[in-house]
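Open the model in your viewer and keep the selection tool at hand. The stops below say what to select next and what is there.

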Amino acid sequence: MPTRRRILVTGAASAVIIGGGLFAYDIFSPSLAEAREPWRQAAEGFGDPRLDILAYAILAPNPHNKQPWLIELIGEDGIRITADLDRMLPETDPPCRQITIGFGAFLEQLRMAAAEKGYRAEITPFPEGEPQPVFDDRPIADIRLVREPGIATDPLFDLVLERHTNREHYEPRPVTDRQFAALRAALPDGIAMGWANEAGQVEALKAIATDAWLIEYRTPRTLQESIDVMRIGADEAVANPDGIILDGPVMEAANNLGIVTRQALADPDSYAFAEGITMYTALIDASPSMLWLHTPDNSRATQLATGAAWLRVQLAATREGLAMQPLSQVLQEFPEMAGQYVRLHEHLGIAAPARVQGLFRIGHAPAVQPAPRWPLTSRLIDA
């Protein structure tokens, strides 16, 4: 649930309005600084090339901020990446497609960081074969870092610490064709991008995205999957710096008053449940432009390439002063979503074996803080 600027709390004897100012509460509210420490650590480094490179890789965007990577250091120059199978999304992402895309973003950010440090990252995806139909304990990638003085660096790397998924309301002015062309120029080979910035086109896509989100929200098991990874308030986010963060003084107060709790969010008759619909629907509606990524096939390798594309497009958007947020619900592969999945593909004229891999809202919005991350050391495993 995005930040609420005003919550009306009705009690048995009185009504309490908690407003956007909340100065008195804000000065005592907990801080997310500790949960955001990995962003600062990446900028400062560890003094070891592999750790310095990996410190950037773990900041890559990924579904539900699950951070599903496990990292093994091998020999003097090797890295093996495997999936933490306890961090999958079996209800909304049963074939692990979205999780794979997140790994693709991780590997692309690793490649970019390696070049910045003077190394070529030789990445071998799925060295023991593509895990199908779901992830297993086979590695996602093996990586060898090769020292290469003078290696070309990626200009998008300068935006890595500024790139953040933005779930705020966007300004009504649409993204220009020139800006979209700049984003498309950042794509890797094999990934195509489409966009909509004309009002009628955008409205049609927003209607599909809204209907899809409501299906996920009103399906108890898929909603519960999101609720299970919600961190309500800064204390929870610091203790578990992953998942969906509900922070800020208003959210802290609403949680303390028992209005925004996991139980309330899961109850279709609750105020919190109804407000979730109102608030998220309003965010989708406040989307002046839309963007999508599509591919000619849906192999695991293509999904990894899509993750690289997602990262690169968002970095290019950051360079253009634009905000982005995935609207992934319509592409989820659980039975109740099948009709919306077909509807989107038919609307965009994309037929199998090609498929849409990502749908995003994009526009201008106030800057946001980085999402919490687990420290790099917590993602390292012994050989």
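A polar contact is a pair of N or O atoms within 3.5 Å; within protein, one must be able to donate a hydrogen and the other to accept it, and residues adjacent in sequence count only if both atoms are side-chain atoms. This is a predicted model, in which local features need pLDDT of at least 70 and side-chain atom pairs count only at pLDDT 80 or more, while totals for chains, interfaces and linings use all residues. Residues are numbered from 1 along each chain as its sequence is written, and side-chain values use heavy atoms, with hydrogens and water left out.

**Confidence**

Colour the chain by pLDDT, the predictor's confidence in each residue, from 0 to 100. The chain average is 92, and 92% of the residues score at least 70. Now select residues 1-28, where the pLDDT is below 50. Beyond near neighbours in sequence, this stretch has 49 contacts in the model, a contact being heavy atoms within 4.5 Å. Where pLDDT is low, the predicted coordinates should not be read in detail.

**Glu91**

Select Glu91, in the loop between strand E4 (78-83) and helix H4. Helices (H or I, at least four residues) and strands (E, at least two) are DSSP runs, numbered from the N terminus. Is Glu91 buried or exposed, or partly exposed? Its relative accessibility is 28%, so Glu91 counts as partly exposed; buried means under 20% relative accessible area, exposed over 50%, and partly exposed in between (1.4 Å probe, protein chains only).

Show the surroundings of Glu91. Leaving aside neighbours within four places in sequence, Glu91 is in contact with Arg221, Thr222, Glu225 and Phe334. The side chains of Glu91 and Arg221 are joined by a polar contact of 3.1 Å. For a distance across the model, pick the C-alpha atoms of Glu91 and Ala309: they are 25 Å apart in space, and the two residues are 218 apart in sequence.

**Arg355**

Move to Arg355 in strand E12. Arg355 is buried, at 3% relative accessibility. Which residues does Arg355 touch, leaving aside its neighbours within four places in sequence? The contacts are Arg97, Leu293, His294, Thr295, Asp297, Asn298, Leu331, Glu333, Tyr341, His345 and Ile350.

**Aromatic pairs**

Display the side chains of Phe, Tyr and Trp. Their rings (for Trp, the six-membered ring) pair if the centres lie within 6.5 Å; planes under 30 degrees apart count as stacked, over 60 as edge-to-face and the rest as tilted. Searching the whole structure gives nine aromatic pairs.

Select Trp69 and Phe106. Their ring centres are 4.7 Å apart and their planes are at 35 degrees, so the pair is tilted. Trp69 lies in strand E3 (residues 69-74) and Phe106 in helix H4 (residues 97-116), so this pair ties together parts that are 37 residues apart in sequence. Trp69 is buried at 0% relative accessible area, and Phe106 is buried at 0% as well.

Next select Tyr217 and Phe273. The ring centres are 4.5 Å apart and the planes are at 35 degrees, so this pair is tilted. Distant parts of the chain are linked here: Tyr217 is in helix H6 (residues 199-218) and Phe273 in helix H11 (residues 271-285), 56 residues apart. Tyr217 counts as buried at 8% relative accessibility, and Phe273 counts as buried at 7%.

**Charges over rings**

A charge sits over a ring if NZ of Lys or CZ of Arg is within 6 Å of the ring centre and within 35 degrees of the ring normal. Select Arg147, which lies over the face of Tyr119 at 5.0 Å from the ring centre. Then select Arg361, over the face of Tyr170 at 3.7 Å from the ring centre.

**Backbone**

Most residues other than glycine have a negative phi, and most peptide bonds are trans. Go to the bond between Gln132 and Pro133, which is cis, with omega about 0 degrees. Pro133 lies in the loop between strand E5 (119-125) and strand E6 (141-147). The bond from Ala352 to Pro353 is also cis, with omega near 10 degrees; Pro353 is in the loop between helix H13 (338-348) and strand E12 (355-363).

Finish at His64 and Asn65. His64 is not a glycine, yet has a positive phi of about 55 degrees; for Asn65, not a glycine either, phi is positive at about 50 degrees. His64 lies in the loop between helix H3 (49-57) and E3, and Asn65 is placed in the loop between H3 and E3. His64 is partly exposed at 22% relative accessibility, whereas Asn65 is buried, with a relative accessible area of 9%.
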